[in-house]
Amino acid sequence: MAMKLILLGTAGGPAPKRSRSAPANAVLAGDALYIVDCGNGVARQAALAGLDLRSLRGVFITHHHSDHNVDTGTLLQLAWTAGLDRSVAIAGPPPLGAMMRAFREFAEVDIRTRIADEGRPDFDRMLDVREIAQGGTIYRDDGVSVRAAVVTHPPLVPSFALRFDTPDRSIVFSGDTAPCDALVDLARGADVLVHEVMHAEAIGEILQRLSNAGRLRDHLMASHTRLDEVGAVAARAGVRTLVLNHFVPSEGIADEVWRAGAARDFPGEIIVGSDLMVL
Ligand SMILES: [Zn+2]
Ligand SMILES: [Zn+2]
């Protein structure tokens, strides 16, 4: 059965939004479930998508901005309460191990209580934490292989893009990145490229209202991909389908504007992502 992609959250940035949930994606290969990024609400979005958290086999964190990682521990703890009872690979940049240990301490009362009171299985035996320091193949099982590339998202180093391959489909997630050769190389010839996108002019208007406008603008411009750049990235990589997500700003811009901006330099299929879209 072909690998399936479900966009769980298509917003960009950590502040909660009304119409888009925080960054998170699901990949389904057979009955195995993989999650890419764990923005706030990922477990709830998975439930809304009808996904069975007991089939979770891997959790991949592209980088340690809170819009991408804040619910990593929460997802595992809630999946465990939903009946997950198997080893799960949890992969991401350092210091993922220390972060998961800190989360485990936070969750100790609930976990200890549920094991003693409800007869729940061991929680810790589920956690197979893998710190990823560089690109290359970072995960492989009988269904999928996952490759990472270090992308340009200063000041967080390393930040990763990820590529899932099965014999019949390939799906690449840009993570957060400025345009860079490493992403183009990773995505070369892929069926689907899920790419972040930023509308620079609209951001300018929003920034005018913020006290940290200058610093935030510098970060956004150095670390993200503008709408007038994203089509060229997809074209250079030669992907079949470009899926826009991680929209900055996340609200107030029509789908047609996003689509037209990306289409300027990319002749392939363009999909303007929305939460719970299945592809
Ligand atoms: Zn982000
Ligand atoms: Zn980021």
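**Exercise 1.** How far apart are the zinc ion (ligand 1) and the zinc ion (ligand 2), and which residue coordinates both?

*Solution.* The model is predicted, with local features requiring pLDDT of at least 70 and side-chain atom pairs counted only at pLDDT 80 or more, while totals for chains, interfaces and linings use all residues. Residues are numbered from 1 along each chain as its sequence is written, ligands are numbered from 1 in the order in which they are written, and side-chain values use heavy atoms, without hydrogens and water.

The two zinc ions are 3.5 Å apart, and Asp176 coordinates both. Asp176 is buried, at a relative accessible area of 2% (buried: under 20%, with a 1.4 Å probe and protein chains only).

**Exercise 2.** Identify the donors of the zinc ion (ligand 1) and classify their arrangement.

*Solution.* Step 1: donors are N, O and S atoms within 2.8 Å of the metal (3.2 Å for Na, K and Ca); water is not among the atoms, so sites may look incomplete. Asp67 (OD), His68 (NE2), Asp176 (OD) and His246 (NE2) coordinate this ion at 2.1 to 2.2 Å.

Step 1: along the chain, the donors have the spacing D-H-x107-D-x69-H.

Step 2: the four donor atoms subtend angles of 87 to 162° around the ion, so the arrangement is irregular.

**Exercise 3.** State whether Asp67 is buried or exposed.

*Solution.* The relative accessible area of Asp67 is 6%, so Asp67 is buried.

Methods. Four donors count as tetrahedral if all angles lie between 85 and 135 degrees; four count as square planar and six as octahedral if opposite donors are over 155 degrees apart and all others between 65 and 115; anything else is irregular. Buried means under 20% relative accessible area, exposed over 50%, partly exposed in between (1.4 Å probe, protein chains only).
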